[in-house]
Amino acid sequence: MTPCDHEANELWLARFERTHGRPLRVLHIGNVANNAYLNAKILRARGIDCDVVCADYYHIMACPEWEDADFRGSIQDQFFPDWGSVDLRGFRRPAWFAQGPMRLCLAYLAARRSGKRLAAAWLDAALRARRWYTCSWRLRGLRKAMNRIRGGWLGRILGRLRRSVVWTACAGGLLLARLRRLVQPTAGGLAAIGQRASRSDAFDRRIESLIDAFAEYFPERNDHLTAGDLSRKRVAAGWWQRLLPHYDVVIGYAIEGQWPLLTGTRPYFAYEHGTIRNIPFEEDEQGRVCAMTYRAADGVFITNCDNIVAAQRLGLKNYRFIPHPVNEDLGGDRQAAEHLRGELRSRLDSDFIVFHPPRQHWEPRRHPDWEKGNDVFLRGFARFVHEANPRAGAVLVEWGQTIQASKDLLASLGVADRVLWIPPQPNVAMIRYVQACDLLADQFFLGAFGSTMPKALLHGCPAMLYLDEERHRWCFPEMPPVVNARTPEQVFEGLVRLYRDPEYAQDLIRQGRAWYAKYHSNAVIARTFLQAIREALEASTEPPLPKSGLSVEAKARETHA
């Protein structure tokens with residue numbers, strides 16, 4: 001993006017605010033790895049009004065506390081963290097972040113956007129109560145007891161009784177309402193009936209149009225989008241239909257773009273973080289809906305450079321690269337990092353420490369959705385210990401599917417005593433480990449990177465990983481200055497050079513910081529979002545699902561080409 005483009009985008013944003021008398025509004029749906037939360041923070045810092053929906057997902061890496069709080073204590077369960085059991089040291093999650101059951105999240109944001117303060121406050125309290133019930137370790141016994149009751153004979157009887165009572169009450173209420181309307185029909189009652197019928201008919205028409213569009217977009221597929229794939233989402237789509245009109249743009253992360261797709265909300269973007277590598281090509285309901293979500297979007301943000309292959313395979317016409325967000329609000333505590341560095345060196349009796357934070361997942365089949373190639377690093381590190389530096393140490397994070405396999409491999413290689421295992425670290429603590437170690441070792445199979453390697457460059461730590469440079473040239477005119485290693489031999493050679501040549505390591509640090517500022521910073525991310533949103537809003541008069549499958553803008557590009 002040229003300086004002229006950036007200036008034009010800023011002028012457009014200012015003009016939008018003057019025209020509408022309010023900032024641009026963007027809704028982010030889904031929050032795997034806190035990507036939506038971080039992107040919303042980046043855009044809000046530039047005056048764009050953003051909200052985030054994180055529905056029915058509580059993992060530590062989808063919580064603002066994990067990203068921004070320097071908390072003390074244990075959250076007990078990484079899938080259902082109990083934030084009430086730790087000292088958050090003054091941190092409070094923002095009101096624009098909604099996490100909990102989907103219907104409550106949507107109702108809360110709708111009330112907040114509609115200016116219904118009392119309703120929003122009540123719903124916010126309901127969300128907090130539901131998160132407490134779902135995640136509190138103190139209630140673990142109660143939840144287990146309730147689950148046993150639901151799964152047993154008493155639960156089945158109570159369930160049938162509840163359903164009978166509910167249906168009887170509903171049927172009675174509907175019968176009375178219908179009789180009342182027959183005796184004395186009102187304009188409001190007739191209008192409500194008409195609106196419900198209209199919404200149902202509109203959803204049915206939407207399903208038909210999506211089925212037709214799928215057949216046109218993917219004529220070579222053996223499977224076909226069906227009404228059954230979509231109709232079971234009817235109720236949830238109705239909830240979304242009431243919230244989405246409050247926003248100018250919607251960004252759906254992973255497969256969450258399905259909601260603006262189903263409601264016909266325009267414009268919307270699909271944001272992939274590994275999602276399109278395999279899921280859209282699976283011949284099942286999720287695969288078909290995911291493929292349609294990305295293909296029908298007004299634009300697609302690609303965070304993994306290698307996924308240009310999947311984008312082209314899907315026939316996407318309007319996609320662009322955007323870096324994974326890195327939390328730049330936290331510069332790290334250098335004094336605390338130096339203290340940790342001393343502790344690690346003392347504990348491992350080491351003069352050179354490598355931090356390897358990716359989850360442990362490696363196996364012979366090398367599945368690209370999960371594989372990290374940890375064994376490649378472990379074998380190269382073991383050789384480094386045996387042949388170059390017997391005092392070398394490594395810090396590994398104890399999470400992932402193959403932890404025991406990694407521990408067994410280290411033992412067989414004779415270097416288990418040179419490794420320190422630590423639990424998953426929140427962002428504040430992870431930054432301290434990055435700054436305390438001599439090298440960050442990322443992944444060694446896929447050839448791509450997420451936010452871990454850029455975080456190392458930002459905080460002044462050399463990085464090692466396997467980088468498929470050819471796949472990254474469409475994203476970066478200049479490759480990141482890293483130690484590129486794909487095999488145990490290359491890992492060994494890279495470790496030896498870094499250990500024996502401190503000047504080389506310092507040069508990597510200087511180049512890394514400069515590269516990050518130029519190609520990966522939050523300023524770059526904000527400019528990319530704004531450019532895409534501007535283009536989408538300016539072209540939003542075109543039909544949602546053009547018969548040709550191409551947007552007007554894409555047609556113009558092809559004609560020009």
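Guide: Let us begin with what counts as a helix: a DSSP run of H or I with at least four residues, numbered from the N terminus. In this predicted model, Glu65 lies in helix α3, which covers residues 64–68.

Visitor: Is Glu65 buried or exposed, and with which residues is Glu65 in contact, leaving aside its neighbours within four places in sequence?

Guide: Buried is the word for a relative accessible area under 20%. Glu65 has a relative accessible area of 5%, and therefore counts as buried. Apart from the neighbours within four places in sequence, Glu65 is in contact with Phe71, Trp83, Leu88, Phe91 and Arg93.

Visitor: How many residues of helix α2 are buried?

Guide: Helix α2, residues 35–44, is mostly covered, with nine of its 10 residues buried. The buried residues are Asn35, Ala36, Tyr37, Leu38, Asn39, Ala40, Lys41, Ile42 and Leu43.

Visitor: How should I read the packing of two helices?

Guide: Two packed helices are described by the angle between their axes and the distance between the axes. For helix α4 (residues 102–113) and helix α5 (residues 117–135), the axes come within 8 Å and cross at roughly 155 degrees, which means that α4 is roughly antiparallel to α5. The crossing of α4 past α5 is left-handed. On the α4 side the contact is made by Leu104, Cys105, Ala107, Tyr108, Ala111 and Arg112, and on the α5 side by Ala119, Ala120, Leu123, Asp124, Ala126 and Leu127. By class, these residues divide into 10 nonpolar, no polar and two charged.

Visitor: What is the arrangement of α4 and helix α10?

Guide: The axes of α4 and helix α10 (residues 234–243) come within 9 Å and cross at roughly 15 degrees, so α4 is roughly parallel to α10. This crossing is left-handed. In the contact, Met102, Arg103, Leu106, Leu109 and Ala110 of α4 meet Ala236, Trp239, Trp240 and Leu243 of α10, a set with eight nonpolar, no polar and one charged residues.

Visitor: And how many disulfides are there?

Guide: A disulfide is a covalent bond between the sulfur atoms of two cysteines. With a cut-off of 2.5 Å between the sulfur atoms, the count in this model comes to zero. Cys63 is in no disulfide, the nearest cysteine sulfur being that of Cys54, 6.8 Å away. Cys437 is likewise in no disulfide, and the nearest cysteine sulfur, that of Cys461, is 6.8 Å away.

Visitor: Are Cys63 and Cys437 buried or exposed?

Guide: Cys63 is buried, with a relative accessible area of 1%, and Cys437 counts as buried at 6% relative accessibility.

How values were computed. Residues are numbered from 1 along each chain as its sequence is written. This is a predicted model: local features need pLDDT of at least 70, side-chain atom pairs count only at pLDDT 80 or more; totals for chains, interfaces and linings use all residues. Side-chain values use heavy atoms; hydrogens and water are left out. Helices (H or I, at least four residues) and strands (E, at least two) are DSSP runs, numbered from the N terminus. Buried means under 20% relative accessible area, exposed over 50%, partly exposed in between (1.4 Å probe, protein chains only). Contact means heavy atoms within 4.5 Å. Axes are lines fitted to C-alpha atoms, for helices over the stretch in contact, and angles run from 0 to 180 degrees between N-to-C directions. Angles under 35 degrees count as roughly parallel, over 145 as roughly antiparallel, 65 to 115 as roughly perpendicular and the rest as oblique. A crossing is left-handed if the near helix is turned anticlockwise from the far one by less than a right angle, and right-handed if clockwise. Ala, Val, Leu, Ile, Met, Phe, Trp, Tyr, Cys and Pro count as nonpolar, Asp, Glu, Lys and Arg as charged, and the others, Gly among them, as polar.
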